[in-house]
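Thanks for coming. I have one structure to go through today, and I will keep to what can be read from the coordinates.

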Amino acid sequence: MRILAGDIGGTNTRLAWFDTETHGLKPRLERTYPSPQHQSVESILERFLTLPEIPDIELTCLGVAGPVIDQVCETTNLPWRLDAAAIRERFGFRETWLLNDLEANAWGLETLQAGDLHTLHAGREQTGNRAIISAGTGLGQAGIFWDGQAHTPFSSEGGHADFSPTSPQEYALYEHLSAHYGHVSWERLVSGPGIGDIYGFLLQQPGYSTPETLAQRMQQIGRAPAISEAALNGTDPLCERTMALFVRLYAREAANHALKIMARGGVYLGGGIAPGILSLFEKHDFVAHFQAKGRMSPLLASMPLKVVLNDKTALMGAAYYAAHHI
């Protein structure tokens, strides 16, 4: 079967054509499109499907950054509305499915090899629920339920739950963000834009300013990438402080998610940020912050904690879902 899989985010939309084979899925062609430059996902699909290399597509599954309700999604960080039935009818697909993007990532875990994962903490090998949390343009979360025989992913919008400060600094950070946004969710901090907001908060303290070279780098590659780059290189103290706080908050919310899912089978960090800052995870004790939950610390210490390195996991997950649900 010929499958079109999509990973639709606030920054980029990635599409790929897969063939199903005896031993799994075979990727044939992939393209990436800047999401904000397009008025709808249909316009991107039109561009992809009219490429001369693309044959007639039978099945389509799209992982979308937003809640999927009755196969319709109003995207969180884009002004788009996706309707599976309308997409199927317009392009003549045999079947079309929409998945939350983190649910697609969760399905994609089934396709990964050992080299696609980096172990932060081995924990204890055990069967049970799993959790995945991914910081990128937003903060995605999903669960993976173990029914005694197989794992089944399910979506969540937990990244939009209320941020909970636990120190005077974090209370001040909460008040700073509340003045700008009103509701302060975990996504406001544990995300690419969140890195920029943490930096902006710390920048208000006496004695700090943005060096010209850093300002130029922000213009070149974006605010969050420039901040994390400077922290990785050790060239700016404020960027290092920013990323130290970011790592601590990421670890805290990952642990919150793991406890709610009872993720004894493992906790996975996806998204575009984690793979690029692994050395900062070690430097700023991500694992220690993850396990710092009082009486629940032994439970969290038993959970394997891994970073997903393969940036095509959501694409593979969408294709895997389509191949196994027809």
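Predicted model: local features only at pLDDT ≥ 70, side-chain atom pairs only at ≥ 80, totals over all residues.

Let me start with the five-stranded sheet. It is open, its strand order is S3-S2-S1-S4-S8, and the pairing is mixed. The edge positions belong to strand S3, residues 24-34, and strand S8, residues 95-100; each has a single partner strand, so one side of each has no neighbour in the sheet. From one strand to the next, the twist averages 15°.

Strand S1, residues 2-8, pairs with strand S2, residues 12-21, in the antiparallel sense over seven bridges. Within that pairing, Gly6 stands opposite Leu15 of S2. S4 and S8, on the other hand, run parallel and are joined by six bridges. There, Gly63 faces Leu99 in S8.

Now, S8 is an edge strand, so is it open to solvent or enclosed? Five of the six residues of S8 are buried, so the strand is largely enclosed by the rest of the structure. Helix H12, residues 313-325, lies across S1, S2, S3, S4 and S8, and runs at about 140° to S1.

There is also a three-stranded sheet. It is open, with the order S5-S6-S7 and antiparallel pairing. Strand S5, residues 68-69, and strand S7, residues 81-83, are at the edges with a single partner strand each, so one side of each is left without a neighbour in the sheet. Strand S6, residues 72-74, is joined to S7 by three antiparallel bridges. One of the bridge pairs puts Glu74 with Arg81 in S7.

H5 is mostly covered, with 10 of its 12 residues buried. Among the buried ones are Gly192, Gly194, Gly196 and Gly200, along with Ile195, Ile198 and Phe201. What covers them? The cover includes helix H4 (168-181), helix H6 (212-221), helix H7 (223-233) and helix H8 (237-261). At the start of H5, a side-chain oxygen of Ser191 comes to within 3.0 Å of the backbone nitrogen of Gly194.

H7 is one of the helices covering H5. Its own buried residues include Ala224, Ala226, Ala230 and Ala231, and also Ile227 and Ser228. The cover over them includes H5, H6, H8 and helix H9, residues 278-283. Just after H7, Gly234 takes a positive phi of about 70°.

As background, nonpolar side chains in soluble globular proteins tend to be buried together. The largest core here has 51 residues, and the ones with the most contacts inside it are Phe246, Tyr250, Leu269, Phe286 and Phe290. H8 supplies the largest share of this core, 13 residues. A second, separate core has 23 residues and includes Tyr33, Val41, Ile44 and Phe91.

Asn256 is in helix H8. Its relative accessible area is 16%, which is under the 20% cut-off, so Asn256 counts as buried. Leaving out residues up to four places away in sequence, Asn256 touches Trp186 and Lys293. With Lys293 there is a side-chain to side-chain polar contact at 2.6 Å. Asn256 and Gly266 are 10 residues apart in sequence, and their C-alpha atoms are 14 Å apart.

The other one is Ser302, in the loop between helix H11, residues 297-301, and strand S14, residues 305-308. Ser302 is buried, with a relative accessible area of 7%. With residues up to four places away left out, Ser302 touches Gly123, Arg124 and Gln126.

That is the set; I will take questions now.

Note on methods:
Residues numbered from 1 in each chain as written. Heavy atoms only, no water. Pairing = 2+ DSSP bridges. Helix = DSSP H or I, 4+ residues; strand = E, 2+ residues; numbered from the N terminus. Axes fitted to C-alpha atoms, helices over the stretch in contact; angles between N-to-C directions. Contact = heavy atoms within 4.5 Å. Buried < 20%, exposed > 50% of the residue type's maximum accessible area, 1.4 Å probe, protein only. Polar contact = N/O pair within 3.5 Å; in protein donor to acceptor, adjacent residues only side chain to side chain. Core = buried A, V, L, I, M, F, W, Y, C linked by side-chain atoms within 4.5 Å.
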